[in-house]
Amino acid sequence: QMCIRDRNITMEGKAVPKVIFPFRTKAGQWAQKTTEDLFKNKTVVFFALPGAFTPTCSSTHLPGYNKLASVFKKNGVDEIICSAVNDTFIMNQWAEEQKAENVTFLPDGNGEFAKGMGLLRDFSKVGFGQRSWRYSMLVKNEIVEKMFIEPVKEGDPFEVSDAMTMLKYINPEAKALPTATIFTMPGCPHCARAKKLLVDEGIQYEEISVAGGDGGISFNTIFAVSGKDTVPQVFMDGKNVGGADDLAAQLKK
């Protein structure tokens with residue numbers, strides 16, 4: 001049994017539910033946020049999912065929004081919020097493990113917000129109890145402009161609430177930024193320049209430092225993966241771009 005509205009009946013054009021969200025701060029203190037705190041005078045991309053640590057949520061749904069955060073920002077989005085019917089301790093732990101610094105994690109512990117949206121579902125069949133159905137929405141100054149609600153079917157459908165679908169709604173011409181990995185060495189000015197180029201373009205990157213020693217990355221490793229023995233070596237979407245000058249040239253294209 002599902003406490004969920006028909007997919008064709010959404011909250012578009014209506015205000016989001018008035019809810020108070022208790023949460024635990026990084027300093028270990030109890031605090032709370034209201035709907036007004038989260039949405040008033042802001043453009044917010046909000047997505048909800050069945051639960052923290054669950055496979056689709058962890059491998060695809062959340063990472064997609066985190067990766068595209070800078071693109072959303074360039075297109076007028078002030079904040080990206082991820083919500084689930086989980087307690088604040090679970091959501092905080094999930095946030096730490098996911099390293100999704102560009103997304104605000106919102107515990108809807110009592111399911112009040114999901115219920116107010118008409119999207120609370122009974123997942124008792126898999127031992128979850130009441131959880132939020134998977135969906136995304138664009139909210140402007142507390143008013144829902146657009147919703148993408150997953151179809152009501154068996155399993156855990158993930159067809160329309162992804163980050164790219166939302167981005168294309170906001171701006172059909174918008175493009176996803178590449179994923180970058182950069183091999184660096186402490187004190188290297190060219191490495192610092194390459195990282196700044198990536199940051200200025202809003203491109204998130206993974207940094208791998210040449211440290212040497214037992215278990216460390218060596219120049220032999222860099223040569224093995226890039227065919228070059230200098231740093232920095234930048235890879236974008238799995239392809240070797242080269243050093244800082246090569247990166248600068250690539251970004252101008």
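Strand β9, formed by residues 135-140, is joined to β10 by six bridges, and the two strands run antiparallel. This description rests on a predicted model. Within this pairing, leucine 138 stands opposite lysine 146 of β10. In general terms, the strands of a sheet pair through backbone hydrogen bonds, in either a parallel or an antiparallel manner.

The pair belongs to a wider arrangement. Five strands make up an open sheet, in which the order is β6-β5-β4-β9-β10 and the pairing is mixed. At its edges lie β6, covering residues 104-107, and β10, covering residues 143-149; each of these edge strands pairs on one side only. From one strand to the next, the twist averages 20°.

Rolling a probe the size of a water molecule over the atoms shows where empty space is left. Counting cavities of 30 Å³ or more gives one in this model, and the largest cavity has a volume of about 30 Å³. The lining of the largest cavity consists of Pro50, Arg121, Phe123, Trp133, Arg134, Glu150, Gly155, Asp156 and Pro157. Sorted by class, this lining comprises four nonpolar residues, four charged residues and one polar residue.

Note on methods. Residues are numbered from 1 along each chain as its sequence is written. This is a predicted model: local features need pLDDT of at least 70, side-chain atom pairs count only at pLDDT 80 or more; totals for chains, interfaces and linings use all residues. Side-chain values use heavy atoms; hydrogens and water are left out. On a 1 Å grid over the protein atoms alone, a cavity is a set of points where a 1.4 Å probe fits but cannot get out, and a pocket is an open set with protein on both sides within 12 Å along at least five of seven lines; lining residues have an atom within 4 Å of a point. Grid points are joined across faces, edges and corners, and a volume is the space filled by probe spheres set on the points. Ala, Val, Leu, Ile, Met, Phe, Trp, Tyr, Cys and Pro count as nonpolar, Asp, Glu, Lys and Arg as charged, and the others, Gly among them, as polar. Two strands pair if DSSP finds at least two bridges between them. Helices (H or I, at least four residues) and strands (E, at least two) are DSSP runs, numbered from the N terminus. Axes are lines fitted to C-alpha atoms, for helices over the stretch in contact, and angles run from 0 to 180 degrees between N-to-C directions.
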